[in-house]
Amino acid sequence: MLDKLNIVQQRFNEISDLIIQPNVISDQKRYIKLNKEYKEFGLIIEKKKLYEELLSNISEAEEICKVEDDKEMVEMASEQLAESKEKIVKLEEEIKFMLIPKDPDDSKNVVIELRAGTGGDEASIFAGDLFRMYTKFCESKKWNVSLVDSNPGTSGGYKEIILEVSGNDDIYGLLKFESGVHRVQRVPQTETQGRVHTSAATVMVLPEAEEFDVEINMNDVRIDYFCSSGPGGQSVNTTYSAVRLTHTPTGIVAQCQDQKSQHKNKDKALKVLRSRLYELELSKKLEADSLKRNSMVSSGDRSAKIRTYNYPQGRVTDHRIGLTLYDLQNIVNGDIQKIIDELKLVQNTEMLKNSEEVF
């Protein structure tokens, strides 16, 4: 373990020297990447100091137990030895997980796309419920949520809604587990005979790609301007402020009509287009990785049913790991951290098992 930590220390020292070099500072892509590494390795270095301290305590206590004649001193040293050994076992487990190579996309902001699936009006209402759930979760994290585009359902909710989430935490690292098909089982508002229906909505969480992640040739992009629909006043509905971008080589379309400014809508639509193109490559990589790892948690199949919200029984079941929680009201009100924690734990454990070398 100490050998691995020394390798991290060596790399941390290298990065510390590099990020103050003028040629690195002027190269934004490299500078941002090194800064992320610096922060991640910094957390491991803190654990390394604690680990070395515990090793020193163990060595010192063992020495006292060998040579000291004073019973009281030996007793105190024995207690310290037992306590330090217990702590070091837990710390080693923590460090093992920290040494698992981190997904470079985890620290990115995200674009969340919610779409109503099977179930008609009830599916649109459910998509609206999921939008509210994610908005509340993001608010609890002090993240910024910005609407990109929406298509309201005829009886409430949304046929489709797209939002941007930005902040300082590992946003994609937490929300990436939400991609897939979410099902709801409940009595719809439109149901007159009290029968339970099953409806679905699809969630897509895309890491927001930076300009240097995906280079878009604007000659390959068709730009259409049109009048925004929905609320927003006279200026929104009568001016050509809404923007639709079509990437000709792939056929991928992104649009934004949330802002009154045509320029702002174009910028937002470009972010979504860039993220969708990035996600296209990412999903291929995830599919290839999942075939290698046989991962239960993250795969390239975004059409997989991942979670069911059962209202009559007040339960939420995540089908990937067989987790069932009887806490539906809190979960749909944004308390999804406990589900994410369980999914992260399973994924990290899988990665630990499938990795011949932790670092």
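Which side chain does Lys90 meet in a salt bridge? Glu86, at 3.9 Å, N to O. By salt bridge I mean a side-chain nitrogen of Lys or Arg within 4 Å of a carboxyl oxygen of Asp or Glu.

Before going on, the ground rules. This is a predicted model, where local features need pLDDT of at least 70, side-chain atom pairs count only at pLDDT 80 or more, and totals for chains, interfaces and linings use all residues. Residues are numbered from 1 along each chain as its sequence is written, and side-chain values use heavy atoms, with hydrogens and water left out.

Now the overview. The chain has 10 helices and 11 strands. These are DSSP runs, numbered from the N terminus: helices are H or I with at least four residues, strands are E with at least two. The chain runs to 359 residues, and 40% of them count as buried. Buried is under 20% relative accessible area, exposed is over 50%, and partly exposed is in between, with a 1.4 Å probe and protein chains only. Then contacts, meaning heavy atoms within 4.5 Å. Take those between residues at least 6 apart in sequence: 61% join residues at least 24 apart.

Back to salt bridges. Side chains of opposite charge can pair when their charged atoms come close. The count here comes to 20 salt bridges. Lys90 and Glu86 both sit in helix α4, residues 71-98. They are 4 residues apart, about one turn of the helix. Lys90 counts as exposed because its relative accessibility is 53%.

Next pair: Glu160 and Arg115. Their side chains meet in a salt bridge at 2.9 Å, N to O. This pair links distant parts of the chain, 45 residues apart. Glu160 is in strand β3, residues 158-166, and Arg115 is in strand β1, residues 110-116. How exposed is Glu160? Partly, at 24% relative accessibility. Arg115 is partly exposed as well, with a relative accessible area of 28%. Salt bridges link Glu113, Arg115, Glu160 and Arg276.

Lys271 lies in helix α8, residues 262-293, and Glu164 in strand β3, so the pair ties together parts that are 107 residues apart in sequence. Is Glu164 buried or exposed? Buried, with a relative accessible area of 9%. Lys271 is partly exposed, at 33%.

Staying on helix α8, look at Leu270. Leu270 counts as buried, at 17% relative accessibility. Leaving out residues up to four places away in sequence, Leu270 touches Ile216, Met218 and Leu245. Leu245 is 25 residues from Leu270 along the chain, and their C-alpha atoms are separated by 7.3 Å.

On to helix packing. Helix α1, residues 2-18, packs on helix α3, residues 28-67, at about 140°, with the axes 8 Å apart. Axes are lines fitted to C-alpha atoms, for helices over the stretch in contact, and angles run from 0 to 180 degrees between N-to-C directions. That angle makes α1 oblique to α3. The cut-offs: under 35 degrees is roughly parallel, over 145 roughly antiparallel, 65 to 115 roughly perpendicular, and the rest oblique. The crossing of α1 and α3 is left-handed. Left-handed means the near helix is turned anticlockwise from the far one by less than a right angle; clockwise is right-handed.

Which residues of α1 and α3 make the contact? From α1, they include Leu5, Phe12 and Ile15. From α3, they include Leu34, Phe41 and Tyr51. By class, the contact of α1 with α3 has 13 nonpolar, 4 polar and 5 charged residues. Ala, Val, Leu, Ile, Met, Phe, Trp, Tyr, Cys and Pro count as nonpolar, Asp, Glu, Lys and Arg as charged, and the others, Gly among them, as polar.

Then α3 on α4. The angle is about 155°, and the axes are 8 Å apart. That makes α3 roughly antiparallel to α4. The crossing of α3 and α4 is left-handed. Their contact divides into 18 nonpolar, 4 polar and 6 charged residues.

Last stop: Ser124, in helix α5, residues 121-140. Ser124 is buried, at 6% relative accessibility. Beyond four places in sequence, Ser124 touches Ala116, Gly153, Gly156, Gly157, Tyr158 and Lys159. How far apart are Ser124 and Gly153 in space? They are 5.5 Å apart, C-alpha to C-alpha, and 29 residues apart in sequence.
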